[in-house]
Amino acid sequence: MGNRPLIRFCLRHSRRHLVRTLLLVFGIAMGVAGVVAIDIAKTSVGKSFELSTRALVSRSTHQIAGTGLEIPQQVFTDIRTDLGIHRSAPVISRHVKVSELGDRILTLLGVDPFSETHFRNLHLSPGEQDLSGVMTGSKGVFISRSHARQYNLDIGSPLHIFLGSRKTAVTIAGFLDSENSATGRMLEGLVVTDISLAQEILEMEDHITRIDLILDQDAAAEKIREHLGEGLFLVETDQQNTAVRGLSYSFETSLTAFSMLALFMGIFLIYNTVSFSVTRRHRLHGILRAIGATRANIFFTVMAEVMVYAVIGSVFGVLLGILLGKGAVQAVVATVSEMYFTLTVSQTHISGFTIAKGLLAGILAAFVSGFFPALSAAGTRPVSLMHRTVSEKGFNRLVPGLFICGLFILAAAALLMRTATPHAGYDFTALFMIFFGSALLTPLLIRVIVRVLLSAGMGSLGMMVKMALRNITRSLRQTSVLMASLMVVTSVFIGIEVMTGSFRLSIIQWVDDHIGGDIHVSSTDPLTQSLDTDLVEKIRQLPRVESLSAYNIHPVFSRASGKVHLFSYRSDQSVKRWSWTAAPKEELDALLENGWIFVSEIFAQRHHVIPRQGAAVTLETQKGPVPFQVAGIFQDFFMGGGRAVVSPETMARFWGHDDITSLQLFLASDTPAEPVMETIRQMLDPEDMIEIRSGNAIKQSILAVFDNTFIITSALQALTAIVALTGILNAVMALLLERTREIGILRACGTLTGQVKQLLLHECFFYGLISGIMAIPLGTALSWVLIHIINQRSFGWTYEMVLIPGVFFQAIALSSAAALAAGIFPALAAGRTHIPTALHME
Amino acid sequence: MDIQISNIDKSFDDSGSRRVIFRRASALLPSGKISVIMGRSGVGKSSLLNLISGIDLPDKGFIQVGDHCISFMNDTARTIFRRRHIGFIYQFFNLIPVLTVLENVTLIAELDKVPQKTCRRQAQTLLEQAGLWDRRHDFPETLSGGEQQRVAIVRALVNEPDLVLADEPTGNLDQETGAKIMEMIATLARKKNKTLIMVTHSPDAAAWADQIFSVDSGILTPMDSDTNG
């Protein structure tokens, strides 16, 4: 028998069940959309990073940088005159805001126009004036032409550049022109001016940020290294960029993990739908086999149909993913800018690879999902034509075997996670194995739970409840697929809720432990960052201030991550309860005084510090590279390159900072913070850049930052919920169609339409309830994996898993409500059952 | 209760065209008697039972069951009427597979909120008469065809309905079992003075009839029962 008539017959069958066919296509589309949207967000971060940095680094092979993130300008002169290296350019780069350009963060790039020719293709169009005159003679800056057009600005328009709250008035001297649209976007993140104006705006006097170099030979690099004084070093540009770029890779990996979760669920739900579709046609397949269709004919027909819808669904999914991805880019770029590095350009990047990946994911997922149902359809025996229960009985015999098989797969997943080297691919494989293994446990678990519910007196609630429960085990082959899918979806909800809940609790605990003061005073001056010692003394003398902790926090250069924050404290009065990943063996302050340091988990991860006593890390200091003994690794939730705690003496000796950058004030009990804050404000000059905030306000703002991190997670959760509901609705509709004859009998015997609806809704409720119950252990396991494996590897954070009972109840309620909601439409349809037709259905 | 069929029309949509089943059909099926409906396949015998029970409605005309004009009732009223006054026996038994024998029998009474004791007592009496009380906790799939049909008969009679409708009740059984089942239905109906309307192709089953009707070309015509015995 040829396949064409069979395919025609299948497609006609799908047309007759249009709603379910559309739901199948929609389910595939949503799964693909999740993958595409995340991929767009990820690649866009990469593209935005490239655009934000390419204009700055250009063709340089090396850079000279300083430990304090700036170097004397004299170094540039020496390099040119003493060493004769002419392909060198001084650079100042710093993030500023320009009020006339929408208050966006931009990079102020100070360059020497005469040195630039080797490095950057900055097409400066200075209007009517001479370029060198514009750059050196007046307070003129260049901005991108497209940017100026966007804000209706022209040459001569005034601009106000803000560094913190320090404001400098400049004018637009000309435009940056681009060769093409890609470089055009790149230039939008820049404000270019000459070195001296940049120094004036940033109050850097005779300092610059770095020197860009083009070096052809290693010998030249070696010569420079020998020439550089203390606190200066030569780095390779690519290596440095890779180090900075690497900061957010882990975050992007976690996004992939979540999009894989969405895809896993997609696979389950597509399998669910296809499996139902095949079961519905069991009799038809039997007839076809009886009249001469081969197993291959049936297999090919089922697969062909699934693949047709997979292609349609995947195409729609890609389109939907592009729409969702565009929205997700903003959220992801904002998170990366907030936590890792500032992106001055945000670019939505949609590559052919992303589209191909989405299409392939949808088609492969549908293939995998359709394969086993198609195999099962091909195995239909003509003799089973009149006996629907034959396949059900066969399945029932398989149940114990499936359970044992599921246990083996779960054990293998656990082994893979414990023994494999950390790699996202292994984690995802193990995660999939956990879902798959758990799904194989469901048939037996469902049987047991139904039995328990019936013997616990559920049956005494009435015949409808009893029927609903028994219907679940009667069609176990189908219900177990539906309920396994619902269990997976609910477990993802539990996993993410427990993960975010535990994380939030840890953050609250951490904030409470570390920010114990009632009032915080800190410098917001991006240049000096120091608090005036007289001011500190005056604050100390305030009558209601009982004690005071002083901190010294400075960013310094790091080869491993671009920038790290060094932290020292004097008279720390806060109830500081460090949580240690690797705890120090001796008293904390004594170790610090001996020159040891403590580092955060992220610092340790970035600098490859092995958490054991005696581990050392080399840091760039004003005295050159110095190895420091690491006394302990503490849990910390600050991102970027991480933090290291040093003693004030070490900070002063190696980095030259002996100032105070922030204070925590501890007030006498029952003293309201606001009047004291007001008193301190009155001590300040209007131009002082000092922030005074209450402890509570600081805590809230920290929590808000971390809540933002999970915005994208919540969006993915919503997406998976939509995928789930679609699949459940499809499955419930198909399953309840199986009940049509039974409904006809009940109606003929005198059951009211309301009672029939009640029966179906009861059944749906139990689908949800039992799936919710089964999801609790799986969700707990998933949250463990998310917290201790994926999150730890992604962010470098470790925190305790806190099981919140409310989440479990919420999950059961959600799962029951989702199944009930999915049952409403079929129940209404069941109420309209045409009894004579239903009675004649097989 | 008498069944008065008055000038009913009934047609179905059949792939775009209308297939007429009844055209101004009328008949009186007397109370307490066994009426048998005969005719070729597809002439509308089962449809007539559906119309009498209120499962389906005539396009025109009406059907009166006792004092109740079932054709003019709304769906809920028809369902409750059916539940309380009509018992239905089918060719394929139509038992609910997830309910035990006893639960199948007491289902409708329970839905009608009849006290459990009452319906269980009545079910026990009938199941004992049918020889199935020992199997009351078994599920239908474990019973033979004859046993399933006996459960269906008990279910149809447990509510003491005034009217019993049987749609080819022996059509799915061997001759010997069919004869026993037919005897059971007729005996119970006669003993309890029920009106029994039965659709059948079987001459053996028709032999129990007090009155036979034939359905042909949309008309319901009384026949001489002797000619069919």
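In what order do the six strands of the open sheet in chain B run? A few notes on that and some other spots follow.

1. Before anything else: this is a predicted model, where local features need pLDDT of at least 70, side-chain atom pairs count only at pLDDT 80 or more, and totals for chains, interfaces and linings use all residues. Residues are numbered from 1 along each chain as its sequence is written, chains are lettered from A and ligands numbered from 1 in the order in which they are written, and side-chain values use heavy atoms, with hydrogens and water left out.

2. The sheet in chain B goes β6-β7-β8-β3-β9-β10, with mixed pairing. Strands here are DSSP E runs of at least two residues, helices are H or I runs of at least four, and both are numbered from the N terminus; two strands pair if DSSP finds at least two bridges between them. At the edges you'll find β6 (86–89) and β10 (219–223) of chain B, and each has a single partner strand, so one side of each is left without a neighbour in the sheet. From one strand to the next, the twist averages 20°.

3. Zooming in on one pair, β7(B) and β8 (residues 195–199) of chain B are parallel, joined over five bridges. Val164(B) has Leu196(B) in β8(B) as its bridge partner.

4. Now the helices on this sheet. α1 (residues 45–53) of chain B lies across β3 (34–38), β6, β7, β8, β9 (211–216) and β10 of chain B, at about 155° to β7(B). α5(B) lies across β6 and β7 of chain B, and its angle to β6(B) is about 170°. Contact means heavy atoms within 4.5 Å; axes are lines fitted to C-alpha atoms, for helices over the stretch in contact, with angles from 0 to 180 degrees between N-to-C directions.

5. Most residues other than glycine have a negative phi. Lys113(B), not a glycine, has a positive phi of about 60°; it sits in the loop between α3 (101–111) and α4 (116–129) of chain B. Glu160(B) also has a positive phi, near 55°, and belongs to the loop between α5 (145–157) and β7 (163–167) of chain B.

6. How exposed are they? Lys113(B) is exposed, with a relative accessible area of 72%, while Glu160(B) is partly exposed at 35%. (Buried is under 20% relative accessible area, exposed over 50%, partly exposed in between, using a 1.4 Å probe and protein chains only.)
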